[in-house]
Amino acid sequence: YPWQEDLTDLMVRRLSEETNDLLRRLGRMAESLSMRAYAVGGFVRDLLLGRTNLDLDIVIEGDGVAFMKAWEREGYRVSVHERFRTGMILFPGPRKVDVATARREFYEFPVAQPTVASDSLKHDLYRRDFTVNAMAIALGERDWGTLVDYFGGRRDLRRGFLKVLHNLSFVEDPTRVFRAVRLEQRLKLKMEENTVRLLTSCVRGGLLSLLSGLRVKSEVEILFHEALPLPAIRRLREFGAWEVLFPGLAVDSRTDRVVRRLTVFFRRLHRDLPPFEDSLWLVYLASLLFGSDEAVQRSVMDRLHLTPAERHVLSLSLFSLGAAENDLGGRGERRPSEICWALTGVPLAVCLFWAAATERQRIRRRLLLFLTRWHKVRPMLTGRDILDLGYRRGPLVGKILDALLTARLDGSVETREEEIQWVLDTYPGAAPDTERK
Ligand code: CTP
């Protein structure tokens, strides 16, 4: 029998009204089809930990496909994988609900079954990775809010343990090595001894190297989206996972230093920057590769099947740091405009990486000033304004705007009037067309 606990109060206290409503509707729909619905996985775990998690995973005892089709008839967008009997429903918000099917044999199906215990749910949960992820909450009218915990997930969560459900967990799916390290660090859990042993033998046995490049890429991407990736990077190093994944990779204290700076700078600056979360993982990857030989760096790019755009960010980060240091260096004062023009066309994520990777203070400071202030500076006058001053349409207008940007960056002009005066003084030879003026 599963360990059961009534979570009704907790759900009212910790979940939004909207989430509770959605769960009720999902439960009712399942019942109207003589099925049962359960919330499972990370959602349940995070509810018990008091952490917000908007990713809702539902397991349907019955037929998940018929369940999703019923929502489709009500006008919701669904996408269904018939073969795996999984899919998702898109609710307004937008709010995505993932649906899986726990097959239920006919003889198991008395609708009036009084308990929530059932083999099909148990089997579904047993396929999962860790005990803390293998709990479910019943969503039916009568069993609403009942925690179903067959494998001691609740106890492990209380004691702060991350523990595999069974000894083949990592063998079945080696990406769970990444998941283990990620969850351990993010949720401040401690990997239980047997789990450490199993993870270690999965790594030592070379199972990680059997993963496809795309799966590794997706795990690395998720890992580097964690708020604090450094502890996970280090933990994977302790286990020797990086070496197995990317032979020849040198992950050392220099990596730590660059990653740490990257995290600090990103936190401090992200409000000043246009969103580049998409490339953030790439510059963390650059930090990971920073201390290795170019041949290793290139083989990692190949192994991960990076797209041309991703390769561009990574190559620029790694292979042009030296050139950037030359361009941005110099003992004396450098005018802000010189720095800005030197960085034209360089993605901001790459600038952030260079700021973290360089050991030259002066250059770091210049890059950070560029990221916090200078990259946003534009002249107040527009091309239209330049034409209105009487200059003729043509390349000169662009040239004037560039020069004006330089003047503004270097503090020669402040107000709009000063800009106008500056243009007229600097380009008198272009003889503003007084008629048009
Ligand atoms: N799962 C698993 N093995 C995997 C991936 C997922 O067993 N390789 C299971 C876990 O039980 C997990 C559930 O599938 O709880 C849903 O996966 P996902 O949404 O990726 O994970 P979450 O636990 O929600 O983790 P996160 O908060 O990092 O998204």
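**Ligand shell and domain layout**

Helix α8 supplies the largest share of the shell around the ligand, contributing 4 residues. The model is predicted, and the description below refers to that model. In total, 13 residues surround the ligand, and the closest are R45, D129, D173, R176 and R186. By class, the shell holds 9 charged and 4 polar residues, and no nonpolar residue is present.

For R176, a polar side-chain atom lies 3.0 Å from a nitrogen atom of the ligand. R176 is also listed among the residues closest to the ligand. The side chain of R179 places an N or O atom 3.3 Å from an oxygen atom of the ligand. For R182, the distance between a polar side-chain atom and an oxygen atom of the ligand is 3.0 Å. The ligand taken alone exposes 570 Å², of which the protein buries 74%.

The ligand sits in the largest pocket. At the level of domains, the shell draws at least three residues from domain 1 (3-159) and at least three from domain 2 (160-245).

The domain assignment divides the chain into domain 1 (3-159), domain 2 (160-245), domain 3 (251-375) and domain 4 (383-430). The centres of domain 1 and domain 4, taken over C-alpha atoms, are separated by 63 Å.

Two features of the backbone were also noted. Most residues other than glycine have a negative phi, and most peptide bonds are trans. The peptide bond from G93 to P94 is cis, its omega being near 0°. P94 is found in the loop that runs between β5 (86-91) and β6 (95-102). In S34, a residue other than glycine, phi is positive, with a value near 60°. The loop that contains S34 lies between α2 (17-32) and β2 (36-40).

Note on methods: Residues are numbered from 1 along each chain as its sequence is written. This is a predicted model: local features need pLDDT of at least 70, side-chain atom pairs count only at pLDDT 80 or more; totals for chains, interfaces and linings use all residues. Side-chain values use heavy atoms; hydrogens and water are left out. A residue is near a molecule or strand if one of its heavy atoms lies within 4 Å of it. A polar contact is a pair of N or O atoms within 3.5 Å; within protein, one must be able to donate a hydrogen and the other to accept it, and residues adjacent in sequence count only if both atoms are side-chain atoms. Accessible areas come from the Shrake-Rupley method with a 1.4 Å probe; for residues, only the protein chains shown count as cover. On a 1 Å grid over the protein atoms alone, a cavity is a set of points where a 1.4 Å probe fits but cannot get out, and a pocket is an open set with protein on both sides within 12 Å along at least five of seven lines; lining residues have an atom within 4 Å of a point. A molecule sits in a cavity or pocket if more than half of its atoms lie within 2 Å of its grid points. Helices (H or I, at least four residues) and strands (E, at least two) are DSSP runs, numbered from the N terminus. Ala, Val, Leu, Ile, Met, Phe, Trp, Tyr, Cys and Pro count as nonpolar, Asp, Glu, Lys and Arg as charged, and the others, Gly among them, as polar. Domain bounds come from an automatic or database domain assignment.
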